[in-house]
Amino acid sequence: MAKIRVLIAKPGLDGHDRGALVIAQGLRDHGMEVVYTGLRQSPAQIAKAAIQEDVDVVGLSSLSGAHRTLFPKVVEELKLFNASDIPVIGGGVIPAEDIAFLEKQGIKKIFTSGSSIDELAAYIIDLVGPMKEELTKKISHIGIAVKSLEHSIPFYTKILGLNLEGLEEIESENVKVAFLKIGESRFELLEPTSVDSPIYKFIEKRGEGIHHIAIDVEDIESRIRSLSKNGIQFINTEPKLGAHHSKIAFMHPKSTQGVLFELCEEVGGK
Ligand code: ZN
């Protein structure tokens, strides 16, 4: 599982790093790996550290007033090292009139002292890409539409030799499901319990077969938010209750090349 890696650096001569340390810890609390360069780094040292540490983003902090020259220099140094794909963001005591100037110089965004760590973390997650932050721990399960569990289960248990973990009725979806464990993942057989069930309609239209693929995620609400921001449409943007009290949400196949993906957050562990 790749974590987002952030370099926090303080270019220039100012000798206070409490703010930078607070930010570093705050981002760690959001599950990121943070490398702090320490005080008084030159733009070249910062760029070099960013590459060596293979970070996804560089955060610069400045209280000295030298940000107008030092922040753009870090961007330039990264360019010299062919690493201009690493975005640079900045923060500290920065007058409003300097923000547009710095953004023109290639700093992606400036956070002023009024911004919260939560805002900063959310921005970094969007910037680096939602897939990086443990979106894809594993396939939770593959959903298969069947007309009858009773009729289908023996193929999985007797012929494939899988273990039937349990049967469950999910009222919100009008289905009965059977889970069969295969390695880290499962097959989820879904039998419609009423003609209102999406599974009933699926079988009517396309016959029995693979219905959806579920991806195991943590913090489903924030995954939905960041995927939505990236243009993915959801069938339900509010998570619903799935099997085993999991929280689930379906992406619309129109925005995922025809595959019905489910996000699935297992609540309270396994
Ligand atoms: Zn499912």
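Biologist: Which residues does Val-88 touch, not counting residues up to four places away in sequence?
Modeller: Val-88 touches Val-58, Leu-60, Val-74, Val-75, Leu-78, Gly-106, Ile-107, Lys-108 and Lys-109, where contact means heavy atoms within 4.5 Å. This is a predicted model, in which local features need pLDDT of at least 70 and side-chain atom pairs count only at pLDDT 80 or more, while totals for chains, interfaces and linings use all residues. Residues are numbered from 1 along each chain as its sequence is written, and side-chain values use heavy atoms, with hydrogens and water left out.

Biologist: Which residues of the largest nonpolar core touch the most other members?
Modeller: Leu-7, Val-58, Leu-60, Leu-78 and Val-88 do, in a core of 22 residues. A nonpolar core is a set of buried Ala, Val, Leu, Ile, Met, Phe, Trp, Tyr and Cys residues joined through side-chain atoms within 4.5 Å. Two or more residues each come from strand 1 (5–9), helix 2 (43–52), strand 3 (57–62), helix 3 (67–80) and helix 4 (96–104). Helices (H or I, at least four residues) and strands (E, at least two) are DSSP runs, numbered from the N terminus. Another core, of 16 residues, lies apart from this one and includes Val-6, Ala-20, Leu-27 and Ile-89.

Biologist: What makes the arrangement of the four donor atoms around the zinc ion irregular?
Modeller: The donors are His-141 (NE2), Glu-188 (OE), His-212 (NE2) and Glu-262 (OE), at 2.1 to 2.3 Å. A donor is an N, O or S atom within 2.8 Å of the metal (3.2 Å for Na, K and Ca), and water is not among the atoms, so a site may look incomplete. The angles at the zinc ion run from 80 to 160°, which makes the arrangement irregular. Four donors count as tetrahedral if all angles lie between 85 and 135 degrees; four count as square planar and six as octahedral if opposite donors are over 155 degrees apart and all others between 65 and 115; anything else is irregular.

Biologist: Why is Phe-155 called partly exposed?
Modeller: Its relative accessible area is 40%. Buried means under 20%, exposed over 50% and partly exposed in between (1.4 Å probe, protein chains only), so Phe-155 is in the middle class. Tyr-156, at 10%, is buried, and Phe-187 counts as buried at 16%.

Biologist: What kind of pair do the rings of Phe-155 and Tyr-156 form, and how do you know?
Modeller: Their centres are 5.0 Å apart and their planes are at 85°, so the pair is edge-to-face. Rings of Phe, Tyr and Trp (its six-membered ring) pair if their centres lie within 6.5 Å; planes under 30 degrees apart count as stacked, over 60 as edge-to-face and the rest as tilted. The rings of Tyr-156 and Phe-187, with centres 5.6 Å apart and planes at 55°, are therefore a tilted pair. That pair links distant parts of the chain, as Tyr-156 is in helix 6 (residues 149–159) and Phe-187 in strand 9, 31 residues apart. Ring pairs link Phe-155, Tyr-156 and Phe-187 into a cluster.

Biologist: Which ring does the charged end of Arg-68 sit over?
Modeller: Arg-68 sits over the ring of Phe-101, 4.0 Å from its centre. The cut-off for such a charge is NZ of Lys or CZ of Arg within 6 Å of the ring centre and within 35 degrees of the ring normal. Lys-109 lies over the face of Phe-111, at 5.6 Å from the ring centre.

Biologist: How do you know whether Ser-246 is buried or exposed?
Modeller: Ser-246 has 4% relative accessibility and therefore counts as buried. This residue is in the loop between strand 11 (240–241) and strand 12 (247–250). Ser-246 touches Lys-240, Leu-241, Cys-264, Glu-265, Glu-266 and Val-267, not counting residues up to four places away in sequence. His-244 is found in the loop between strand 11 and strand 12 and counts as partly exposed at 44%.
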